[in-house]
Amino acid sequence: MLSRRRAHTCYLVTCEPPEPRQRTIHAPVLLVEVLSPSTQTIDRNRKLPDYRQMPSVQEIVLVDSEQMHVELYRRFEGSRWLSEILRDPADLLHLDSVGLDLPLSDLYRRVAFPPEESAG
């Protein structure tokens, strides 16, 4: 249930039909957070551990907005999780929970990254 701490997720998928005037999602299977410099600490240190405790959640995706970097967390045995880091445009984000394969090049197609600062 996402309202325990009033967590606001960027995107989520549930297999349960919504109730009229429903404001809380009780059984998400996929959660996606888009990380920004101002939110990434909260998303990683507060939300991610909370999301992993939700029994319905099968996959969690953290998408970096500043560089091509995606972290996929997939439940594989009860409370155990596997993680995968994707950084190359040809890497494939495979989401079992929704039957989707998405190349990072498509995910980041219209993203303009900030210019890299030179070290020197």
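Helices (H or I, at least four residues) and strands (E, at least two) are DSSP runs, numbered from the N terminus. The model is predicted: local features need pLDDT of at least 70, side-chain atom pairs count only at pLDDT 80 or more, and totals for chains, interfaces and linings use all residues. Residues are numbered from 1 along each chain as its sequence is written, and side-chain values use heavy atoms, with hydrogens and water left out.

**View 1. Overall fold of the protein.** The secondary structure comes to 2 helices and 7 strands. Read from the N terminus, the order of elements is β-β-α-β-β-β-β-β-α. The C-alpha trace spans about 55 × 30 × 30 Å along its principal axes. Of the 120 residues, 32% are buried (under 20% relative accessible area; exposed is over 50% and partly exposed in between, with a 1.4 Å probe and protein chains only). Among contacts (heavy atoms within 4.5 Å) with a separation of 6 or more, 39% join residues 24 or more positions apart.

**View 2. The largest nonpolar core.** A nonpolar core is a set of buried Ala, Val, Leu, Ile, Met, Phe, Trp, Tyr and Cys residues joined through side-chain atoms within 4.5 Å. The largest one has 13 residues, and Val 61, Val 70, Leu 93 and Leu 104 have the most contacts inside it. Two or more residues each come from strands S2 (28–35), S3 (59–64), S4 (70–77) and S6 (92–95). S2 gives the largest share, 3 residues. Apart from neighbours within four places in sequence, Val 61 is in contact with Leu 30, Leu 31, Val 32, Glu 33, Val 70, Glu 71, Leu 72, Leu 93 and Leu 95. A second, separate core has 10 residues, including Leu 48, Met 54, Leu 62 and Tyr 73.

View 3. A pocket is found on a 1 Å grid over the protein atoms alone, as an open set of points where a 1.4 Å probe fits, with protein on both sides within 12 Å along at least five of seven lines. Its lining residues have an atom within 4 Å of a point. Grid points are joined across faces, edges and corners, and a volume is the space filled by probe spheres set on the points. The volume of the largest pocket is about 210 Å³. Of its 15 lining residues, Val 32, Val 34, Val 63, Leu 102 and Leu 107 lie nearest its centre. S2, S3, S6 and strand S7 (100–103) each give two or more residues to the lining. By class, the lining has 13 nonpolar (Ala, Val, Leu, Ile, Met, Phe, Trp, Tyr, Cys and Pro), 1 charged (Asp, Glu, Lys and Arg) and 1 polar (the others, Gly among them) residues.

**View 4. Leu 107 in helix H2.** Leu 107 lies in helix H2, residues 104–107. Its relative accessible area is 31%, so Leu 107 is partly exposed. Leaving aside neighbours within four places in sequence, Leu 107 is in contact with Val 63, Val 70 and Leu 102. The C-alpha atoms of Leu 107 and Thr 41, 66 residues apart along the chain, are separated by 22 Å.

**View 5. The aromatic pair.** Rings of Phe, Tyr and Trp (its six-membered ring) pair if their centres lie within 6.5 Å; planes under 30 degrees apart count as stacked, over 60 as edge-to-face and the rest as tilted. The whole structure holds 1 aromatic pair. The ring centres of Tyr 108 and Phe 113 are 5.5 Å apart and their planes are at 40°, so the pair is tilted. Tyr 108 is buried, at 5% relative accessibility, whereas Phe 113 is partly exposed, at 34%.

**View 6. Thr 9 before strand S1.** Thr 9 lies in the segment before strand S1 (11–14). With a relative accessible area of 18%, Thr 9 is buried. The C-alpha atoms of Thr 9 and Val 57 are separated by 13 Å, and these residues are 48 residues apart along the chain.
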